[in-house]
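Please look over the sequence and the structure shown here before reading on. The report that follows takes up aromatic rings and then strands.

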Amino acid sequence: MSTEPRGPIDSSRTPRYAGAATFARLPRLDEVGTADIAVVGVPFDSGVSYRPGARFGGNAIREASRLLRPYNPAQDASPFALAQVADAGDIAANPFDINEAVETVQAAADDLLDTGARLMTLGGDHTIALPLLRSVVRKHGPVALLHFDAHLDTWDTYFGAEYTHGTPFRRAVEEGLLDTEALSHVGTRGPLYGKKDLDDDEKMGFGIVTSADVMRRGVDEVADQLRGRIGDRPLYISIDIDVLDPAHAPGTGTPEAGGLTSRELLEILRGLSSCNLVSADLVEVAPAYDHAEITSVAASHTAYELTTIMSRRIAAAREAGK
């Protein structure tokens with residue numbers, strides 16, 4: 001029996017638009033048994049504060065990912081040959097009970113992580129980052145966090161609710177899930193409720209790289225700064241697609257003008273390829289507001305870069321262990 005990873009369907013034999021839309025046309029988890037990286041969807045958006053629809057984001061990203069190819073020249077790696085990557089399907093969370101949904105996502109993530117897999121999670125709204133972080137921390141202890149987003153997501157409550165897409169990282173700090181020496185928001189911008197939002201965020205330990213900072217300083221300098229802050233700590237990356245400007249990601253629930261370009265986001269991620277990325281999520285793709293799959297295409301390429309970073313790290317660890 002071959003020990004080589006099973007990769008995507010051969011597009012020279014089966015057209016990209018044919019067959020099941022797994023992520024990057026990879027095998028399902030039940031077809032390979034175990035995986036080094038499990039791509040899993042969470043079709044949940046009951047925590048949104050403005051436009052709904054992110055429950056359909058995971059499948060939209062999968063559809064757009066049909067065009068991804070096996071070799072990533074930007075990172076000089078073939079991620080699906082370096083590690084077994086498989087599509088683990090969706091975590092079905094209760095759309096009418098946020099507390100139960102959070103528990104369901106955490107339990108399912110626990111099960112996947114316990115197999116030894118790293119997670120590439122496709123949301124869904126940003127509420128799901130909290131249970132995912134809880135699961136990752138069971139395995140790695142408090143993690144460094146890079147949070148790419150137009151918004152801080154460190155607010156306290158909305159309408160008295162503690163679990164929403166605007167509160168996951170405040171809860172994560174309160175629960176001791178994060179290494180407060182290595183926390184950064186990237187791409188933030190737009191109006192706030194008041195200056196206290198920034199003051200509270202700073203007290204939690206977050207650094208901020210705004211979208212204007214990226215524009216003025218450039219992606220290489222920003223990536224260098226982030227790598228220096230993270231070091232070799234176990235790293236979790238959480239990406240809200242609204243970190244991109246609405247020109248690059250119109251299909252999202254809370255768009256803000258003045259965001260990153262898709263090129264800037266991808267280049268910053270490529271600059272983090274040496275980091276110890278243990279899992280990641282990509283959330284808030286709402287295809288009902290998208291045009292010509294602009295948002296889903298950007299999201300699929302973003303997930304591809306994150307998967308490549310994890311695959312390279314897994315392969316390097318195996319080589320070192322020989």
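## Terms and basis

A residue is called buried when its relative accessible area is under 20%, exposed when that area is over 50%, and partly exposed in between, using a 1.4 Å probe and protein chains only. The model is predicted, and for this reason local features need pLDDT of at least 70 and side-chain atom pairs count only at pLDDT 80 or more, while totals for chains, interfaces and linings use all residues. Residues are numbered from 1 along each chain as its sequence is written, and side-chain values use heavy atoms, with hydrogens and water left out.

## Aromatic pairs

Rings of Phe, Tyr and Trp (for Trp, its six-membered ring) pair if their centres lie within 6.5 Å, and such a pair counts as stacked with planes under 30 degrees apart, as edge-to-face over 60, and as tilted for the rest. A search of the whole structure finds two aromatic pairs. In the pair of F80 and Y304, the ring centres are 6.0 Å apart and the planes stand at 50°, so this pair is tilted. F80 belongs to helix α3 (residues 79–82) and Y304 to helix α11 (residues 294–320), and the pair thus links distant parts of the chain, 224 residues apart. Both F80 and Y304 are buried. Helices (H or I, at least four residues) and strands (E, at least two) are DSSP runs, numbered from the N terminus.

W155 and Y193 form an edge-to-face pair, with 6.0 Å from centre to centre and 85° between the planes. W155 lies in the loop between β4 (143–148) and α6 (168–174), and Y193 in the loop between β5 (178–188) and α7 (196–203), so the pair ties together parts that are 38 residues apart in sequence. W155 counts as buried at 12% relative accessibility, whereas Y193 is exposed, with a relative accessible area of 64%.

## Strand β5 and its neighbours

Eight of the eleven residues of β5 are buried, so this strand is largely enclosed by the rest of the structure. Two strands pair if DSSP finds at least two bridges between them. β4 and β5 run parallel and are joined by five bridges, and L146 has S184 in β5 as its bridge partner. The chain crosses from β4 through α6 to β5 in a right-handed β-α-β crossover, a term that applies if, with the strands pointing away from the viewer, the path from the first strand over the helix to the second runs clockwise.

Five bridges also join β5 to strand β6 (residues 206–210), and these two strands run parallel. S184 stands opposite G207 in β6, and β5, α7 and β6 make a right-handed β-α-β unit.
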